[in-house]
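Student: I have a protein chain to look through. Could we go over it together?

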Amino acid sequence: MASSSSSAPSKDPYLQLKGVEHRKLREESGEVMEQVDSAGYEHQEERGQHKRKNQQDDLLERRKRLMREPLQMRAGEEPAQGRFALMQKDRPVKESASNDIRIKEDLASYLIPSEMPYGTETVRWHNGQVTVLPAVMRDGHNVLENDAKRVRQMATLPISSPASFRVDHIDATGLQDGDLRSQVSAALRDGRCAVIHRAAEPGPEKLTLKYLHDQFGISDRLCSLHDMARRAEDWTHPHKDGTIGRLLDGIQYPDEQLCALDIPLPAFTVPSPFQTLDHAAVYAWGETTHEYPLEDTRPHPDAFLNRSWGLLHQAGIYTAPHHDSNGRITFVRIVSGMKMWAVYDLEDTSASRDEASDAFYRLCDIDSDLSQLPKGLVAEVVVLHAGDMLFMPPGKFHEVYTPLVTFAMGGHFLSYLTMHLSEWSCFLDNLHGSLFTNQEHQDTLLVLRRMVVAVPRLSHCKLYYRAIVALCTMVLNPGQYISQRASEDEDMPHRSGKGGKKAKSRKAVKTASKNNVDSKHCIDRADEIANRVLQALELDGPQAASVLDDQSYDEVGDEVELGDELAQFQAY
């Protein structure tokens, strides 16, 4: 029986020849592969390195591609992998063709994941700009959620504009130096902030150690860094040792957030043309050290070293509400980056000191729900960009958000024009300084005394009624103005006041030991001059207290001429 043709081997010579060729080809290929494998075995490590490099290049390209894509907002929706969501408004962020962060809308997407971690949320401010929220991820959880909540609340505040009643926005273009100083002085005297837009040339967008060293003398020094993740665990102990270089390198580590506060800049003072606004430097020291030298005294180093400081923040760092201590004016110049600076004021400036203290206590309490402003307060957000400069009067409560890597320089000073605000600020700190303020300067009383000693010889500096009463009162009754942060004796009885709602305000506190911070001759002369000023104004102690307590805290009063009343102190 014949078999089927499909099961019989082919007898076709052509197919047999092709089969032989295929076998030979497979054998030759096998030999070649063995040679390749052998050679490849010798270079296996090199191939692994190439593979890893390719994977890294692919990841880098993916990150760049993600950063180039516009940020999409999907309210109430989980962000897709590698994408981000803004949980506030249902409209996409428009990509701006300009790199000017003053007008750029999307200030968030290019930071993730290069500087901020995956999962970072964003928020839109009332000027339309979108920024990241604070974020440090641990096991998929944002340990800075409380900070993020506070920033969301900040973003609901109105943006300060030139129409503001509480912030003066000044364009320095075309203004003479004297006119610029006068505008800033008037704002500070009346309790308003002053913002000078484009006051200086902005620094580089990317900060380097070389730039900080060449421009500000900041080397890769050891300093105390504030770690935001540590602060979330313990608000009172956020510090760890580190260097400025470590902080700059850490910009590229999305799993941490660091900043350095109070980087000493002793070679810098108030920037030109505002140096003469610093009446402590011009008069307290310039007018008194010849007659009252510092020999055999021990003034606190703050008097000379704490003239100016730098602030260096990584992106996404929040600073809680507070006011700067010891009744000083604060100036800040943004060198590189930007800050959202919320300033708070009393809605009714004639509110009693107890009412003001209660309102600011609720603001500064870290456990407070700020979904609504505390009763009695109003607020607005000043947006500060590189080159902008801000002056804040004493006692101005503020909170700050730094959405981008930012370096700023600033400092503090005292002025005869704002002594009524300095007194009010120090008085509040006497009640709640450990909550209200961030740092204690130990040289304040020393400087205030020398400001009083210089008063008889002031020939071109204006003095105002409530301001000079406040200065004399602080020098004659220093115990009432020692910050709770510095010293407080709970066992001492309250000083009897005028009764009623103000009775609990003025609290007796032990005066800090002088420890030879100034000469006895200078201290006695300051007391003598302060008493004579109040006599010339026909005020005794209780009447001086009423002048300060019974008027709006920002009321400076009329200009005063002391004339010949202080002639006995003018002779050298």
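Tutor: Arg353, Asp354, Ala356, Ser357, Ala359, Phe360, Leu363 and Cys364 are its buried residues, where buried means under 20% relative accessible area with a 1.4 Å probe, protein chains only. This is a predicted model, in which local features need pLDDT of at least 70, side-chain atom pairs count only at pLDDT 80 or more, and totals for chains, interfaces and linings use all residues. Residues are numbered from 1 along each chain as its sequence is written, and side-chain values use heavy atoms, with hydrogens and water left out.

Student: How many residues does H10 have, and what does it reach from first C-alpha to last?

Tutor: H10 covers residues 353-364, which is 12 residues, and reaches 16 Å, close to the 16 Å expected at 1.5 Å a residue. That expected span is 1.5 Å times one less than the number of residues.

Student: What is the mean pLDDT of the chain?

Tutor: The mean is 81, and 74% of the residues reach 70 or more; pLDDT is the predictor's confidence in each residue, from 0 to 100.

Student: Where does pLDDT stay under 50?

Tutor: Residues 1-20 are one such stretch, with three contacts beyond four places in sequence, a contact being heavy atoms within 4.5 Å. Residues 488-514 are also below 50, yet this stretch has 49 contacts beyond near neighbours in sequence. Where pLDDT is low, the predicted coordinates should not be read in detail.

Student: Changing topic, which residues does Met137 touch?

Tutor: Leaving aside residues up to four places away in sequence, Met137 touches Pro117, Tyr118, Gly119, Thr120 and Asn142.

Definitions and conventions
Helix = DSSP H or I, 4+ residues; strand = E, 2+ residues; numbered from the N terminus. Buried < 20%, exposed > 50% of the residue type's maximum accessible area, 1.4 Å probe, protein only.
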